[in-house]
Amino acid sequence: MAVHAPARPGHRRGQAAERPARRRWLRPVALATGLTLVGGCAGAYLYIRHLDANIQHAPLGAGNAPPPGGAADEHGRTAMNILIIGTDSRKDLGGAYGDRQNVGQGNNDVNIVLHVYPDRRSAVALDLPRDTLIDLPACKDPQSGRTAPAVRHRPLNEAMGRGGPGCVQDTVQSVTRLKIDHFAVVNFQGVKDLTDAVDGVDVTLCRPIKDSDSHLDLPAGRSHLTGEQGLQFVRTRHAVQDGTAVGRFSMQRDFLSALLRKLTDRGTLLDPTKAFPVIEAATRSITVDDAIAGTTKLVGLASELKDIKPAEVAFAQPPVEYTQDDPDRELRQKDRLVQPAADQLFALVRADKSLTGGPDQAPDPAAGTGAGTGASTGAGTAPAASAPAAAPPADPPAAPSTVAVNVVNGVGTPGLATSAQKTLAGLGYPVTLGHNTPQPVAASTVRYGQADRKGAAEAVARALGLPESAVAAEGGGRSLLVTLGADYRAGAPGAAAGPAPVPTAVPSDASVHTGDETACSGGARFGTFVR
């Protein structure tokens, strides 16, 4: 039987009196705590909805099939390509910067492919100058539903007006053969907003720059750029290097490098007071593809890129030459890609090769075969007496850069010879296009003149997916003549051809820099490029 001590006088009454008082104190605290949690969640939800409403989006592509994606690494990861499009739209600028009527999509004046390597720790920012003359594909405008027909030999920055960012994507894909996974479009106001959102960026000029077109007016040495100056900086071209959009990339590269260093600084993105303005500005200032049109999706994409450091970003620009000799007088102030160097650079990027680590040391595909494989049979094991003597090794084909190739369309199908030209130029062959044959040709041929060119002719045939029987000796010249017949399938080499070889080094005339470089910007006008 349990024994209970008698209650102390007044104890039960005091306990009973204490409970209501405690409840009176606990209830408002619990209510306030609950409201804070609910309010915080609701506030976060509403803020994300606000950010989502900021983001404009458009569909990927404009009706053209994309090229194949890159190969997977040993962990099954593939590269990702993000197209950054800068437009000259004056939207929301109140008539500033001239061209007051340009408040729509504008022209794609900046075209940079950010190629993120499979390991997500390094990247290449590949710039295509806006005035580069290329062939523009047919594009369907998602807003109007109209299709702009394909046109030849036009400036790259006309693509946006033919079908929006999807058309820019399809055009860049046709030039580089890089499959674009996402795009982001930034206008003039976006550059200003992003610069201000990170509290400005620091740049260093080699000499004073005063540009009457962009209105940039800065002294030599280090300067801190605000939003307005950031826009002026990336627009400056007349007062630096060759005075064109080609030379302007040096300014854009230095600005982007400075912005990247600021964004990856621990004091920026890890401090909510600094991170929120960046997020706000980014969502308000960009148009992205439908697949990443959401704050949580953009944050997920950013998390994939968080380990990329400025030193691991290579800024590259293919070599170009100016077109003073163009038959069209209006196009004589434009530029064209220098081949085969431009396609060699694109091939290196497609193959996920480093642009800053020197010549690629790709393993020899023949390694581990031949006599070396006999070691597993035991030391001292002699070959059977009846084994035939090994055939002498064949002479290796000449280096592609030393073999001139002339390609002729023997079918008449538009673009057939150009397709073969791109394939061969990407491997390093100097390629010219000849006139179409007078009559259709059934079987393709690769003809060489001198005996030591046979290996090169066989290599060209393999690269184009043509059978060995297509190779034939004819004439006595040093160049090769490729005639494409009805059996040639553009872009679909035969299985026997194997993978196309990848160039082993960055072309010597391609411009490559890294994001951690802090050398002065600007340089002398006409000091780097030759017009």
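Me: Which residue in β21 does Arg-447 stand opposite?

Reply: Two strands are said to pair if DSSP finds at least two bridges between them, and here Arg-447 stands opposite Ala-472 in β21, within a pairing of strand β20 (residues 445–448) and β21 that runs in the parallel sense over three bridges. The element names refer to DSSP runs numbered from the N terminus, helices being H or I runs of at least four residues and strands being E runs of at least two. This is a predicted model, in which local features need pLDDT of at least 70 and side-chain atom pairs count only at pLDDT 80 or more, while totals for chains, interfaces and linings use all residues. Residues are numbered from 1 along each chain as its sequence is written, and side-chain values use heavy atoms, with hydrogens and water left out.

Me: In what order do the five strands of the open sheet with β20 and β21 stand?

Reply: The order is β19-β18-β22-β20-β21, with mixed pairing. At the edges stand β19 and β21 (471–473), each with a single partner strand, so one side of each has no neighbour in the sheet. Neighbouring strands here are turned by 25° against each other on average, direction ignored; such angles run from 0 to 180 degrees between N-to-C directions, the axes being lines fitted to C-alpha atoms, for helices over the stretch in contact. Helix α11 lies across β18, β20, β21 and β22, running at about 165° to β20, where contact means heavy atoms within 4.5 Å.

Me: With which residue does Arg-447 form a salt bridge?

Reply: Side chains of opposite charge can pair when their charged atoms come close. A salt bridge is counted when a side-chain nitrogen of Lys or Arg lies within 4 Å of a carboxyl oxygen of Asp or Glu, and Arg-447 forms one with Glu-474, the closest N and O atoms being 3.4 Å apart. This pair links distant parts of the chain, with Arg-447 in strand β20 and Glu-474 in the loop between β21 and β22, 27 residues apart. Salt bridges that share partners also join Asp-109, Arg-130, Asp-131 and Lys-334 into one network.

Me: How many salt bridges does a search of the whole structure find?

Reply: The search finds 17. Among them, Lys-192 pairs with Glu-228, the closest N and O atoms being 3.0 Å apart; Lys-192 lies in helix α3 (residues 188–197) and Glu-228 in helix α4 (residues 227–235), so the bridge ties together parts that are 36 residues apart in sequence. As for surroundings, a residue is called buried under 20% relative accessible area, exposed over 50% and partly exposed in between, using a 1.4 Å probe and protein chains only. Lys-192, at 16%, therefore counts as buried, whereas Glu-228, at 31%, counts as partly exposed.

Me: Why is helix α10 described as largely enclosed by the rest of the structure?

Reply: Helix α10 (residues 416–426) is largely enclosed because nine of its eleven residues are buried, including Leu-416, Thr-418 and Leu-424. What covers these buried residues includes β8, α9, β18 (405–409), β19 (431–433), α11 (454–463) and β22 (480–484). The helix is followed by Gly-428, whose phi is positive, near 105°.

Me: Which cysteines does a disulfide join?

Reply: A disulfide is a pair of cysteine sulfur atoms within 2.5 Å, and the count by this rule comes to one. Cys-139 is joined to Cys-167, with an S to S distance of 2.1 Å, and the link is right-handed, with 80° about the S-S bond. Since Cys-139 lies in strand β6 (residues 139–140) and Cys-167 in helix α2, the pair ties together parts that are 28 residues apart in sequence. Cys-139 counts as buried at 0% relative accessibility, and Cys-167 is buried at 0% too.

Me: Where does Asn-157 lie, and which residues is Asn-157 in contact with, leaving aside neighbours within four places in sequence?

Reply: Asn-157 lies in the loop between β8 (151–155) and α2 (160–176), and at 12% relative accessibility Asn-157 counts as buried. Leaving aside neighbours within four places in sequence, Asn-157 is in contact with Asn-107, Asn-108, Asp-109 and Arg-130.
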